[in-house]
Amino acid sequence: MRPKIYVFGDSITEGSFGDGGWGASLAHHFSRTVDVVLRGYSGYNTRWALKVLDKAFPAAGGGGDDAAPLAITVFFGANDACLPDRCSAFQHVPLHEYRHNLHSIISIFKKRWPKTQILLISPPPIDEDARLKYPYVENTMGMPERTNEAAGAYAKACVSVAAECGIPVIDLWTKMQQYAGWKKACLSDGLHLAQTGNKIVFEEVITKLRDVGLSLESLPIDLPLISDIDPSNPLKSFEN
């Protein structure tokens, strides 16, 4: 069986297998080498992620579907960072708990699969004006349920947790704001990713995976390529 890479996160992960999404691009990039497996849950925060982790992932041991994945991306924080006094307060997780939950998720994965590479991705920046146009629930207050300042605090915590755990991280909050016109170029509704945003995440994930030794050059191709099959005796290629 092909090795796996799991992508674990909220709606920004769940929607990543759509047209032009970073998850779809990842699956295309690793075609014939790795199965990229989606574990995205729209609206989830780290508190809820911990509750469903055992249902979302196989137990350790055995082989086949139970084999340790090559890598797991963990991409939460956008919902944790909802403000506690705004319309999406039910998704809010306090900053100190967010840090604790990330540590717990990483610890569980490391205990289950010690050799699996874990990659943290911080929440993206927020376009507050756009969020007023796309509230998830009725917004009677007329104020954005998320702010860029709050998202930045959670991104900083994500980067800090990665350093404490000795694992790679993508500081998406900082990275995206380096692009001119990032609010419209990178985000479709002030939160979720537009084409440029998806491209940034894909390129950053590929770079971080390459840095830990996971690349097309280092991974074996699954079954013979058509260019390696002898036209005069095609079945010979499948004997070994």
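This is a walk through a predicted model, from its sheet to a pair of helices and then to a few single residues. Because the model is predicted, local features need pLDDT of at least 70 and side-chain atom pairs count only at pLDDT 80 or more, while totals for chains, interfaces and linings use all residues. Residues are numbered from 1 along each chain as its sequence is written, and side-chain values use heavy atoms, with hydrogens and water left out.

Let's start with the sheet. Five strands form an open sheet in the order S2-S1-S3-S4-S5, with parallel pairing. Strands here are DSSP runs of E with at least two residues, helices are runs of H or I with at least four residues, and both are numbered from the N terminus. Two strands pair if DSSP finds at least two bridges between them. At the edges are strand S2 (35–40) and strand S5 (169–170), each of which pairs on one side only.

On one side, S3 pairs with strand S1 (residues 4–9) in the parallel sense over 5 bridges, and isoleucine 72 in S3 is the bridge partner of tyrosine 6. S3 is also joined by 4 bridges to strand S4 (residues 117–121), again running parallel. Within that pairing, threonine 73 has leucine 119 in S4 as its bridge partner, and valine 74 stands opposite leucine 120.

How many of the residues of S3 are buried? The count is 5 of 5, so the strand is mostly covered, where buried means under 20% relative accessible area, exposed means over 50%, and partly exposed lies in between (1.4 Å probe, protein chains only). In a regular strand the side chains alternate between the two faces of the sheet. In S3 both faces are covered: Ala71, Thr73 and Phe75 are buried on one side, and Ile72 and Val74 on the other.

Helix H4 (residues 95–112) and helix H6 (residues 148–165) meet at an angle of about 35°, and their axes are 10 Å apart. Those axes are lines fitted to C-alpha atoms, for helices over the stretch in contact, and angles run from 0 to 180 degrees between N-to-C directions. The crossing of H4 and H6 is right-handed, meaning that the near helix is turned clockwise from the far one by less than a right angle, with anticlockwise giving a left-handed crossing. Taking contact as heavy atoms within 4.5 Å, the H4 side includes Leu95, Tyr98, Leu102 and Ile106, while Ala153, Tyr154, Ala157 and Val161 are among the residues that H6 brings. The residues of this contact divide into 10 nonpolar, 2 polar and 3 charged.

Threonine 147 sits in the loop between helix H5 (128–133) and H6. This threonine counts as buried because its relative accessibility is 15%. Its side chain reaches the backbone nitrogen of alanine 150 at 3.1 Å. Not counting residues up to four places away in sequence, threonine 147 touches Leu83, Ile126 and Glu128.

Asparagine 198 lies in helix H9 (residues 195–211). With a relative accessibility of 10%, asparagine 198 counts as buried too. A polar atom of its side chain lies 3.5 Å from the backbone oxygen of leucine 193. Leaving out residues up to four places away in sequence, asparagine 198 touches Gly20, Gly21, Trp22 and Leu193.

Backbone angles deserve a glance as well. Most residues other than glycine have a negative phi, and most peptide bonds are trans. Arginine 32, although not a glycine, has a positive phi of about 75°; it belongs to the loop between helix H2 (22–29) and S2 and is partly exposed, at 30% relative accessible area. Leucine 223 also has a positive phi, of about 70°. Leucine 223 lies in the segment after H9 and is exposed, with a relative accessible area of 60%.

Our last stop is proline 84, in the loop between S3 and H4. Is proline 84 buried or exposed? Proline 84 is exposed, because its relative accessible area is 52%. Leaving aside neighbours within four places in sequence, proline 84 is in contact with Ala89 and His92.

Conventions: Nonpolar A, V, L, I, M, F, W, Y, C, P; charged D, E, K, R; others polar. Polar contact = N/O pair within 3.5 Å; in protein donor to acceptor, adjacent residues only side chain to side chain.
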